[in-house]
Amino acid sequence: MFQPHDYLMLDELISEENKLARDAIRDWVKQEVTPIIEESAQKHETSIKILKGLGEIGAYGPNIPIEYGGGGMDEIGYGVIMQELERGDSGVRSMASVQTSLVMYPINRYGSEEQKKKYLPKLATGEWIGCFGLTEPDYGSNPGGMVTNFVDDGDHVILNGAKMWITNSPLADVGVVWAKDEEGKVRGLIVEKGMKGYTAPEIENKWSLRTSATGEMIFEDVRVPKENILPGVVGLRGPLSCLNKARYGIAWGAVGAAMDCYDSALRYSKERIQFGKPIGHFQLQQKKLAEMITEITKAQLLIWRVGTLLDEGKATPAHISMAKRNNVEIALKIARESRQVLGAMGITGEFPMMRHMMNLESVITYEGTHDVHLLITGHDITGFNAFTC
Ligand code: TGC
Ligand code: FAD
C-alpha cells in the first residue's frame, strides 16, 4: 500500500520478515496506543497496559537471542519496530528501547550465564520492567565523573550514591546501575526492587515524555550480592556501548514521530479550506510539506544505512551519533512546522504534533545531547577531542 511518507520506496530496502514485524507493530500501535495516548499524556500517566503489552508483542528484546526469550532479529528489524512505536509516542518507544538496549543488551553482552537465564526471559515478556542508571545529578554529559560507588563486604558489595532522570525507575523491578569500585573503575551492577536502602522516587511535572515515568535511583548502603555484578566489562566503555544501541533505536524512532506529524499535516492541508481553496494549494504550505518529506527521506536513508552497517559489524559509535543527532533535529523541526500547517488546531490534543514536539525536547537531550553528538562527530573527523583540554 502506498504510504505518503515513503517517498523513495524505501520499503524495498527492508526484508519481508522485518516488514511483517513492522506492520504488526504498526497495527498494534493503532489499536492499543493511539486511542489512549493523548489522555495519558494530558494526565501525565504511564499506561501499565502499554508497558506490559509491549512484552506481549515482542517489542522487548527483538534483537536479543531467542534462547533467552528475545526475537533473534537483526538491527534493521529492531529499528523499524522503534520507528513504529515512536509514531505512536516517544514515551512508548522509550519503554521498549530502555528495556531492550539498556537493560537486556548489557545483561546479554556482559552478564554471566546465570544472570542471563535469571533476568532476560522475564524482561522479554515484560513480567519484569528494567531501568538503566548512568546519569547523576552532577554528571550528565560527563558520566565518567560519577560518584556512585561500592565497597567490598564479603560476598556482597555496599552501594551508595544517586542516579537522576532515569526512565522507568519508579516502576522498575530491576536496574542496571553503573558505579565505581574501590579502585575507581566503572562496573555494572543489577539492583532489584525491594533491596534495603534502595528507593526510586518519581520526577513530577514534566512537560515532555508525560507518558513515560522518569525518576531517581537512590542508594543508601544497599547490600548487593557480588553475583549481581556484570562480570564481562570494566570501565566507561561498558555503559557507553549500551548507549550505541539505544541511540541507534532513537534515530529510527525520531523518524517515526516525524512521519506521524507529516502525515497529519499533509492530510489537513488537503481538507482545510481558506480563501476558497485547500491550504495545500498555497506555495508557502507546499514549501513546508515538501521540505518535511525531503528531510524525512534523508533521515530514513541515513538510519537505514547505519543499520545495514551495524548488521555487517561495520558501524562506529560516531556513525550512530550522526544519525541520532540529525534525525532527532529534523523530527523536532517537522513537529514545529507541521503544527503551524494546522494553525490553531495544531495546538490541541486532536492532533499529535504538540505531544511529539514536547517529547522530542527530551529525545534531543537524552542519550547524549545534540551538542555532545556534534562533538563526537567533530572528534571523529578531526582527531581532536573537544571534551579534553
Ligand atoms: P572517553 O574517554 O571518550 O571514553 C571512555 C571509554 O569508553 C570508550 N567509548 C565507547 N565505547 C563504546 N561506545 C561508545 N559510544 C564509546 N564512547 C567512548 C572509549 O573508547 C574508552 O574506552 P577505553 O577502553 O579506552 O577506556 O570518555 P569521556 O569521559 O571523554 O566521554 C566521552 C563522551 C562525552 C562522548 C561520553 O561520555 C558521552 O557519550 N556522554 C553523553 C552521556 C550520555 O549519552 N548519557 C546517556 C545516559 S542514558 C539515557 O539518556 C537514557 S534515555 C533512555 C530513554 O528513555 O529512551
Ligand atoms: P548537562 O550535561 O548538564 O548539559 C547541559 C548543557 O551543556 C547541554 O546543552 C549540553 O549539550 C551542554 N554541554 C555539556 N558538556 C558540554 C561540552 N563539553 N561542550 C559543549 N556543551 C556541553 N539517563 C540515564 O542514565 N538513564 C535514563 O534512563 C535516562 N532517561 C532520561 C529520560 C529523560 C526524560 C531525560 C530528560 C533524561 C534522561 N536521562 C537518562 C539523562 C540524560 O541522558 C541526560 O539528561 C543527558 O545526558 C544530559 O545530561 P544533563 O541533563 O545533566 O545536561
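Axes here are lines fitted to C-alpha atoms, for helices over the stretch in contact, and the angle between two of them runs from 0 to 180 degrees between N-to-C directions. The model described below is predicted.

**Helix packing**

Two packed helices are described by the angle between their axes and by the distance between those axes. Helix 3, residues 75-88, and helix 6, residues 237-271, have axes that come within 7 Å and cross at roughly 45 degrees. In the contact of helix 3 with helix 6, eleven residues are nonpolar, five are polar and six are charged. The crossing in which helix 3 passes helix 6 is right-handed.

A second pair is formed by helix 1, residues 16-43, and helix 2, residues 48-56, whose axes come within 11 Å and cross at roughly 165 degrees. Helix 1 is therefore roughly antiparallel to helix 2, since angles over 145 degrees fall in that class. Helix 1 passes helix 2 in a left-handed crossing.

**Ligand 1**

Ligand 1 is surrounded by 24 residues, and the closest are S94, T167, N244, R247 and G368. N244 places a polar side-chain atom 2.8 Å from a nitrogen atom of the ligand. For R247, a polar side-chain atom lies 2.8 Å from an oxygen atom of ligand 1. R93 also has a polar side-chain atom by an oxygen atom of ligand 1, at 3.2 Å. On its own, ligand 1 has 1,200 Å² of accessible area, of which the protein covers 70%.

**Ligand 2**

Around ligand 2 there are 18 residues, of which T135, S141, W165, T369 and D371 come nearest. In the side chain of S141, an N or O atom is 2.6 Å from an oxygen atom of ligand 2. The side chain of T369 has an N or O atom 2.7 Å from an oxygen atom of the ligand. L134 takes part through its backbone, with an N or O atom 3.0 Å from an oxygen atom of ligand 2. The protein covers 66% of the 980 Å² of accessible area that ligand 2 has on its own.

| Residue | Atom of residue | Atom of ligand | Distance |
|---|---|---|---|
| R93 | polar side-chain atom | oxygen, ligand 1 | 3.2 Å |
| N244 | polar side-chain atom | nitrogen, ligand 1 | 2.8 Å |
| R247 | polar side-chain atom | oxygen, ligand 1 | 2.8 Å |
| L134 | backbone N or O | oxygen, ligand 2 | 3.0 Å |
| S141 | side-chain N or O | oxygen, ligand 2 | 2.6 Å |
| T369 | side-chain N or O | oxygen, ligand 2 | 2.7 Å |

W165, one of the residues that come nearest to ligand 2, is found in strand 3, residues 156-167. W165 is not a glycine, yet its phi is positive, at about 65 degrees. N168 lies in the loop between strand 3 and strand 4, the latter spanning 174-180. N168 is likewise not a glycine and has a positive phi of about 75 degrees.

Definitions and conventions: Residues are numbered from 1 along each chain as its sequence is written. Chains are lettered from A and ligands numbered from 1 in the order in which they are written. This is a predicted model: local features need pLDDT of at least 70, side-chain atom pairs count only at pLDDT 80 or more; totals for chains, interfaces and linings use all residues. Side-chain values use heavy atoms; hydrogens and water are left out. Helices (H or I, at least four residues) and strands (E, at least two) are DSSP runs, numbered from the N terminus. A crossing is left-handed if the near helix is turned anticlockwise from the far one by less than a right angle, and right-handed if clockwise. Ala, Val, Leu, Ile, Met, Phe, Trp, Tyr, Cys and Pro count as nonpolar, Asp, Glu, Lys and Arg as charged, and the others, Gly among them, as polar. A residue is near a molecule or strand if one of its heavy atoms lies within 4 Å of it. A polar contact is a pair of N or O atoms within 3.5 Å; within protein, one must be able to donate a hydrogen and the other to accept it, and residues adjacent in sequence count only if both atoms are side-chain atoms. Accessible areas come from the Shrake-Rupley method with a 1.4 Å probe; for residues, only the protein chains shown count as cover. Angles under 35 degrees count as roughly parallel, over 145 as roughly antiparallel, 65 to 115 as roughly perpendicular and the rest as oblique.
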